[in-house]
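Please keep the model open as you read. The points below go from a few single residues out to the whole chain.

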Amino acid sequence: MGTISANKLGGLALMFAPIITLIFYFLQPGGAFIDAADPADGAATIAAMLSNVGLGKVVSIVIPIGLLVFLSGILVLQENVKSNGNGGALSRIAVLFILTGTIGWVVSSGASLAITGSPLPTEQAVALNASLYSATLGIGTVAGILWGIGTLALALAISTREDSNKIAALVAAVASVVAIVVTIIGGIDTAQLELMAQITGISYVVHVVWFFILGRSLSQSE
């Protein structure tokens, strides 16, 4: 039976896990496309989640799986950076922030799964889960900031290397700065939360493209 190298598997994880995760991020009930609601309006968002229970449960399960598969690719990438060329120290810091941000998003997804699993009628479920939904916003905001700092550090680390696409890395760094700033704004001013979430989604698209480039390069580095 054949085997697959760590670089090959890590590269595939970087290429495809972020794409799958981003697709399901946009498919979240109450999000950008399915029964869109202002995330600052907890009642409307919870109602949207409860109106699409099946999809909500699938999203809450797939996103953590996608994030963890992606994280495995990040770890392989960091090992390559650390063992060969510039950026090792900065990439180590990046992994710490990305790991912590990922854990936060996994916890937030678990809380969302609990909301969609509520057996109560919608009105009662909305009232009962208001505090839990607020917790998901808080956890998600902190996780987003930490993840943004991590991707910024990783992009800056990659940009110092001769074997990297420096322009792509710098574009990813700018996208990380945008994600950090708008996530902080959304966390401070909930009136801006919906717009900030949309801008954050665009920055994630930029990161998905960049990680695909990194993953393809990593998988071919045999």
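1. Start with Ser-112. Setting aside neighbours within four places in sequence, Ser-112 is in contact with Met-49, Ser-60 and Thr-136. Contact here means heavy atoms within 4.5 Å. Ser-112 sits in helix α4, residues 88-116. Helices (H or I, at least four residues) and strands (E, at least two) are DSSP runs, numbered from the N terminus. Ser-112 is buried, with a relative accessible area of 15%. Buried means under 20% relative accessible area, exposed over 50%, and partly exposed in between (1.4 Å probe, protein chains only).

2. A word on the source. This is a predicted model, where local features need pLDDT of at least 70 and side-chain atom pairs count only at pLDDT 80 or more, while totals for chains, interfaces and linings use all residues. Residues are numbered from 1 along each chain as its sequence is written, and side-chain values use heavy atoms, with hydrogens and water left out.

3. Now the overall fold. How many helices and strands does the protein chain have? There are eight helices and zero strands. Read along the sequence, the pattern is α-α-α-α-α-α-α-α.

4. Next, helix α3. The helix runs over residues 53-83. At 1.5 Å a residue, its 31 residues should span 45 Å. The rule is 1.5 Å times one less than the number of residues. The end C-alpha atoms are 46 Å apart, which agrees. Just after α3, Gly-85 takes a positive phi of about 95°.

5. Look at the loop between α1 and α2. Asp-35 is found there, between α1 (6-26) and α2 (42-51). Most residues other than glycine have a negative phi. Asp-35 has a positive phi of about 45° although it is not a glycine. Asp-35 is partly exposed, at 43% relative accessible area.

6. Stay in that loop for Ala-37. Is Ala-37 buried or exposed? Ala-37 is buried, with a relative accessible area of 12%. Beyond its neighbours within four places in sequence, Ala-37 is in contact with Gly-30, Gly-31, Ala-44, Thr-45 and Glu-194. Ala-37 and Glu-194 are 157 residues apart in sequence, yet 8.3 Å apart in space, C-alpha to C-alpha.

7. His-207 lies in helix α8, residues 193-219. His-207 is buried, with a relative accessible area of 1%. Not counting residues up to four places away in sequence, His-207 touches Trp-147, Thr-151, Ala-172, Ala-175 and Ser-176. Thr-183 lies in helix α7, residues 166-188. Thr-183 counts as buried, at 13% relative accessibility. Apart from neighbours within four places in sequence, Thr-183 is in contact with Thr-141, Gly-144, Ile-145 and Thr-200.

8. Finally, the whole chain. With 222 residues, a compact globule would have a radius of gyration near 17 Å; the protein chain has 18 Å, which agrees. That radius is taken over C-alpha atoms, and the globule rule is 2.2 Å times the number of residues to the power 0.38. The C-alpha trace spans about 55 × 45 × 25 Å along its principal axes. Of the 222 residues, 45% count as buried. Among contacts between residues at least 6 apart in sequence, 77% join residues at least 24 apart.
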